Amino acid sequence: QKLLARGATDQHAARLLSALWRACELAELQQYATPIFNLCIQRAQGYKKVGPSLVSTWSVFLARYGPRALWQQLESIQPGLANMVLRGLWGEWAPFVKGGRAERKAAVIGTVRLVCELPEVLADVDTAAALLSAAASMLAADAGVGDGGGAAAAEEEEDALEVDAAGGGGGGG
């Protein structure tokens, strides 16, 4: 709770929650999930910059337990909250998820799964549009669209160097 309450530590709170989602079964966490989600949503209302961190940790929740579990968790707090959070918070902040490739991929995949696997999302055109726009923005940014491919090329080169440094690469010898 204290980690999430400060802007300087909210990313650490999100990482801690992500570790919790990865390590525990939902049944083990059920009694804590509603207070955790309530706290996250309250924090987002008062401090919008926590959005990318929340999308990141909720992407892990979604990957582990599925889109339906995320939907039900949000709806259990307040009916109609899921579409509001997905449209407003997720749709707005998903393109700004920080971290490595794994975090960005989890956010993109989670966003697409929300649209594809939840009929309730497709039934709300504004929510579906916000999520699809967020996914497109993430994919475009990660592919280096708009920068002449420089960012993508630089990242590929960096990855190749890391593989070579680790003794991999499979190239001749």
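1. The lining of the largest pocket divides into eight nonpolar, six polar and six charged residues. Here Ala, Val, Leu, Ile, Met, Phe, Trp, Tyr, Cys and Pro count as nonpolar, Asp, Glu, Lys and Arg as charged, and the others, Gly among them, as polar. This is a predicted model: local features need pLDDT of at least 70, side-chain atom pairs count only at pLDDT 80 or more, and totals for chains, interfaces and linings use all residues. Residues are numbered from 1 along each chain as its sequence is written, and side-chain values use heavy atoms, with hydrogens and water left out.

2. The largest pocket has a volume of about 430 Å³. Among its 20 lining residues, Gln11, Arg15, Ser53, Ser56 and Lys98 are the closest to its centre. A pocket is an open set of points, on a 1 Å grid over the protein atoms alone, where a 1.4 Å probe fits, with protein on both sides within 12 Å along at least five of seven lines; lining residues have an atom within 4 Å of a point. Grid points are joined across faces, edges and corners, and a volume is the space filled by probe spheres set on the points.

3. Which helix gives the largest share of that lining? H1 does, with six residues. Helices are DSSP runs (H or I, at least four residues), numbered from the N terminus.

4. The second largest pocket holds about 270 Å³. Ile41, Ala44, Gln45, Val85 and Leu89 lie nearest its centre. H5 gives the most to this lining, seven residues.

5. The protein chain has nine helices and zero strands.

Definitions and conventions
Helices (H or I, at least four residues) and strands (E, at least two) are DSSP runs, numbered from the N terminus.
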